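The following note sets out points for a colleague who is reading this structure alongside its sequence.

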Amino acid sequence: MLQQLFSPSVQHTLDLIGIFVFAISGALLAVRKNFDVFGIAVLAEVTALGGGLFRDLVIGAVPPAAFTDLGYFLTPLLAALLVFFLHPQVERIQAGVNVFDAAGLGLFCVSGTIKAYEYGLGLTASAALGLATAVGGGVLRDVLANEVPSLLRWDRDLYAVPAIVGASMVAVCISRDALTPLTSGIAVVAAFVLRLLAMRCHWRAPRAWNRRSTVREEDPSKATA
Amino acid sequence: MLQQLFSPSVQHTLDLIGIFVFAISGALLAVRKNFDVFGIAVLAEVTALGGGLFRDLVIGAVPPAAFTDLGYFLTPLLAALLVFFLHPQVERIQAGVNVFDAAGLGLFCVSGTIKAYEYGLGLTASAALGLATAVGGGVLRDVLANEVPSLLRWDRDLYAVPAIVGASMVAVCISRDALTPLTSGIAVVAAFVLRLLAMRCHWRAPRAWNRRSTVREEDPSKATA
Amino acid sequence: MLQQLFSPSVQHTLDLIGIFVFAISGALLAVRKNFDVFGIAVLAEVTALGGGLFRDLVIGAVPPAAFTDLGYFLTPLLAALLVFFLHPQVERIQAGVNVFDAAGLGLFCVSGTIKAYEYGLGLTASAALGLATAVGGGVLRDVLANEVPSLLRWDRDLYAVPAIVGASMVAVCISRDALTPLTSGIAVVAAFVLRLLAMRCHWRAPRAWNRRSTVREEDPSKATA
């Protein structure tokens, strides 16, 4: 369906751009965690392809696109190489990377939702899987780096909401039979702009009401030390 | 098969109860880890649906039930909302939550084993997958929260053993062609009661014999800092 | 294809040896992390079967071999029992375990690549999945133990490179229609010997060039505490 929305080559180029910028974010985290060159490559691959891989496993699209399209596999390696040699410069343009990452978020939540719907999922499930496509790679990246996923942390700017908005707009368009290149493009842009605004204005999501937990924070690292 | 054991609506209600109480435990951990409202929702979903999702991927039942049944998807969100607004009260009734969690453990290890067997797995593999269904969500919850899975830790009351017992009872019943609503109900109750007893009596599993390791405890967090 | 390379029983025996030694490494980590007997068993299973399970899910070979072959399931339990009772001795022969682990690495990267190719993946994707088969279990082991995967850390001897070499040799042989028991055996031995040399000579991979990051190391454990 998306293939009819955009021409295949346009769609493929958009995918590769999203993969590339996600891979940059994975590789940069690997550099900060002091990983070696293989760790950088692995984290780049996982961040870029993890979300789509999960989606493809869930909808039964095996082998997943990550393993059938050579460009999908090689693009993260290119990003890893770039970060390996140029990481101070890449970090300096972190703001630029964040913009691209926001673009990747917008693209993936929309394309993930459409692909899930094409494989027969319901509208709500498709939107949920579109969200998982967009944020899954970043969660895997953080798990492998042994960090609390930044998706879950309250002290990070909104990341899930823009993807939820984009995926929901697609679902609404599908339900009204109004999915066109224009409307899906609007959904991408909406998610993209919302994420940019969240970063600029430091929008954050609320934590649980009246949080003054009576149960002390658990610290298993001490318990098992 | 289980559909013939219980009426579909009874089975569905039991499933939703199990999903709900597992989601509560995920949402409570998210509150303790200071996650925001989306982190609470994600951890509730993952805890409630992760085990069944893994089972469905392994047996090739795609798309998994978690993405085809809207009730499965919405129930954890309801639990997350409840915890978000009422978490001090939910914590106060932690004992009650633990009882429900034990019920979920019993239900899931039995239904997971039966579903795996229906999809053609052997008896031992079915029981193993039933165990994975029951405990998988909790393991994913702890991994995402960047904690050592409580399933693995020696300083937690027995959790795996009740599920192993329940799953094994189902496997034995199947092998003797004696799986009826009664026998599978007994398996659920056996796992449930064993888990309650383990919590009440603080039963714990032994650690490795003669543990006085000659290899010092590794602490990679320091090595990579 | 591999079935024609080696006789089925030889192939099965090689697989079980690889599974056994990987399980030993998982069980030993569980002992060091102070897990109980079930934690030891779970970590043994995950380490031994995780890589192949991931490969089988990706290529759509469900149910995965880990759940259809009883020997695959029971071998890690045997390893866990052994470590449970004899772990000081097992640790003393750590050097021997490392040699077996290197053998498992060689076997799995070769057999994983061949199986992926048989299921229709391209040569590059097959080699990548062969690599994932060989190292995936160890990554899952470290994630469950809440450690940074040793695969990614710069302060560990080369682990990925030998597997990459073995998998690539198989891919080259397939592309030249030269995959025979001899050539695939050579690939196994090449990966095996490279890993042994890496351990003996402490070969390590480089970290990012000019690493003097301008972004401070993030420490989410403090931020969320």
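**Notes on the predicted model**

1. Across the interface of chain C and chain A, 3 residue pairs are in polar contact, with both members at pLDDT 80 or more. Four elements of chain C each give two or more residues to the side that touches chain A: helix H3 (37–59), helix H7 (123–144), helix H8 (160–175) and helix H10 (220–224). The largest share of that side, 6 residues, is supplied by H7(C). By residue class, the side of chain C that touches chain A holds 27 nonpolar, 8 polar and 8 charged residues. Please bear in mind throughout that the model is predicted.

2. The extent of this interface may be stated as follows. Chain C contributes 43 residues to the contact and chain A contributes 36 residues. The area buried between the two chains is about 3400 Å², and carbon and sulfur atoms give 64% of this area. How many salt bridges are found across the interface of chain C and chain A? The count there is 0 salt bridges, although charged residues number 8 on the side of chain C that touches chain A.

3. The interface of chain B with chain A should be read next. Here 36 residues of chain B are in contact with 42 residues of chain A. The buried area is about 3400 Å², with 64% given by carbon and sulfur atoms. Which three residues supply more than any other three of the area that chain B buries against chain A? They are B:Arg32, B:Asn34 and B:Phe67, which supply 19% of that area.

4. Between chain B and chain A the count is 0 salt bridges, while 3 residue pairs are in polar contact, both residues being at pLDDT 80 or more. The elements of chain B that give two or more residues to the side touching chain A are helix H2 (8–32), helix H3 (37–59), helix H5 (70–92) and helix H7 (123–144). H3(B) gives the most, with 8 residues. The side of chain B that touches chain A divides into 22 nonpolar, 5 polar and 9 charged residues.

5. The arrangement of the copies deserves a separate point.

6. A:His202 lies in the loop between helix H9 (181–201) and helix H10 (220–224) of chain A.

7. Over all chains, the count comes to 18 salt bridges. One pair joins A:Lys33 and A:Glu147, with the closest N and O atoms 3.3 Å apart. A:Lys33 is in the loop between helix H2 (8–32) and helix H3 (37–59) of chain A, and A:Glu147 is in the loop between helix H7 (123–144) and helix H8 (160–175), so the pair ties together parts 114 residues apart in sequence.

8. The bond from A:Val62 to A:Pro63 is cis, with omega near -10 degrees, and A:Pro63 lies in the loop between H3 and helix H4 (65–68) of chain A. In chain C, a cis peptide bond joins C:Val62 and C:Pro63, with omega about -10 degrees. C:Pro63 lies in the loop between H3 and helix H4 (65–68) of chain C.

9. As to annotation, an unreviewed UniProt entry lists "domain: Glycine transporter" for residues 13–87 and 99–173 of chain A. Residues 13–87 are 87% helix and 0% strand, with end C-alpha atoms 24 Å apart. Residues 99–173 are 75% helix and 0% strand, with end C-alpha atoms 26 Å apart.

10. The unreviewed UniProt entry also lists "transmembrane region" for several spans of chain A, among them residues 123–144 and 178–198. Residues 123–144 of chain A are 100% helix, and their end C-alpha atoms are 31 Å apart. Residues 178–198 are 86% helix, with end C-alpha atoms 28 Å apart.

Technical notes: Residues are numbered from 1 along each chain as its sequence is written. Chains are lettered from A and ligands numbered from 1 in the order in which they are written. This is a predicted model: local features need pLDDT of at least 70, side-chain atom pairs count only at pLDDT 80 or more; totals for chains, interfaces and linings use all residues. Side-chain values use heavy atoms; hydrogens and water are left out. Contact means heavy atoms within 4.5 Å. Buried area is the accessible area (1.4 Å probe) that two parts lose on being put together, summed over both. A salt bridge is a side-chain nitrogen of Lys or Arg within 4 Å of a carboxyl oxygen of Asp or Glu. A polar contact is a pair of N or O atoms within 3.5 Å; within protein, one must be able to donate a hydrogen and the other to accept it, and residues adjacent in sequence count only if both atoms are side-chain atoms. Ala, Val, Leu, Ile, Met, Phe, Trp, Tyr, Cys and Pro count as nonpolar, Asp, Glu, Lys and Arg as charged, and the others, Gly among them, as polar. UniProt positions are given in the numbering used here, feature names are shortened, and annotations may be inferred rather than shown by experiment.
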